[in-house]
Amino acid sequence: METKVSCMMASVLLDASGNFLAAKRRGIVEGIDYASTGEIKKIDVSRIRERLDQDCIVLMNDLGYSTLGEVLNCNPFAKREGFWQEGGVQRVHLLNGTNAGVLLKELFQRDGVGTMVASDLYEGTRMARVAVLPGIKQLLRPLEESGTLIRRTEEELLKALNSFIVIERGQIIACSVLFPFFEDKCGEVAAIAVSPECRGRGQGDKLLDYIEKASSLGLQMLFLLTTRTADWFARRGFCECSIECMPQKRREKINLSRRSKYHMKNLQPDRSGIRLDTAFS
Ligand SMILES: CC(C)(COP(=O)(O)OP(=O)(O)OC[C@H]1O[C@@H](n2cnc3c(N)ncnc32)[C@H](O)[C@@H]1OP(=O)(O)O)[C@@H](O)C(=O)NCCC(=O)NCCS
């Protein structure tokens, strides 16, 4: 911890005098003089990599430097994201530097306080295809036998296959299903499971993050029924609710004898650009 913190401090100091962005003046566009507003020409990816390889956190601001040494305000994030990815940088956190403690909150709170641009976050995560059915079954069967998940017949699984999301590392290591209820603008998260040897490494979070992109389908709320995993979902922003919060169509099919708890979470509008809609069309 000490090493990390001192490394962070070192990084802050180095970055304070760092010059990672080469910029040029935006100039006069359609008669408007953009004065000290700049456009990024180049990002010094190799120097950034060097710092990252030393386990440092690279702090960036919006300031770019022209060849004449002028300091320019280079604001457009979107353009910069493209540069990062071309340069092989896998994650960038965009933070509001005027908020006290923003870096610590971003790094140590689960949801953070900024915007993360990541190229690797959903690697291996995708909608299911028929070929993965045996892998899904293998993952779910022991959990059905222990009563953690409801039993689904082969036919039910096949019918639901288009709504399954899986994470694959050679084999299926995690899965979940999102049943959309479009008329009610909500979706049910079900059958979330991570293979026992891969638990505790954020795969469950990865699935849930992916599912939360469901706002791109026009869904505003997620809900679920759980008997043993309420705390896990509560830590991820789900609140306990009453059965009345479930869509009527779903309510009619609930097996009340399981005495499940009902949880829901309102979705934020998704701006990640990741779309699930083709999967459910
Ligand atoms: C719940 C589950 C999907 C989480 O997946 P995961 O990849 O292990 O989760 P993450 O790595 O994102 O999170 C792990 C954390 O969740 C906690 N956790 C795991 N199962 C939990 C449970 N049933 N209740 C509360 N917390 C739980 C772990 O202790 C760990 O806590 P920590 O971060 O404080 O160490 C996985 O444990 C699983 O497959 N469980 C069996 C199936 C299940 O219960 N499905 C839900 C049915 S509603």
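Predicted model: local features only at pLDDT ≥ 70, side-chain atom pairs only at ≥ 80, totals over all residues.
## Helix H7 and its buried face

Helix H7 spans residues 203-211, and its buried residues are Gln-203, Gly-204, Leu-207, Leu-208, Tyr-210 and Ile-211. Viewed along the axis of H7, these buried residues lie within an arc of 160°, so they line one face of the helix. An α-helix has 3.6 residues a turn, so residues three or four places apart point the same way.

## Strand S13 and its partners

Of the 6 residues in S13, 5 are buried, so this strand is largely enclosed by the rest of the structure. S12 and S13 run parallel and are joined by 3 bridges. In this pairing, Glu-188 stands opposite Phe-223 of S13. The chain passes from S12 through H7 to S13, forming a right-handed β-α-β crossover.

S13 is also joined to strand S15 (residues 261-266), by 6 bridges, and these two strands run antiparallel. Here Phe-223 stands opposite Met-264 in S15.

## Val-117 in strand S8

Val-117 belongs to strand S8, which covers residues 115-118. Val-117 has 19 C-beta neighbours inside 10 Å; burial requires 20 or more, so Val-117 counts as partly exposed. The C-alpha atoms of Val-117 and His-93 are 6.2 Å apart in space, although the two residues are 24 residues apart in sequence.

Note on methods. Residues numbered from 1 in each chain as written. Buried ≥ 20, exposed ≤ 12 C-beta atoms within 10 Å, placed from the backbone. Helix = DSSP H or I, 4+ residues; strand = E, 2+ residues; numbered from the N terminus. Arc of directions from axis to C-beta. Pairing = 2+ DSSP bridges. Right-handed = clockwise from strand over helix to strand, strands pointing away.
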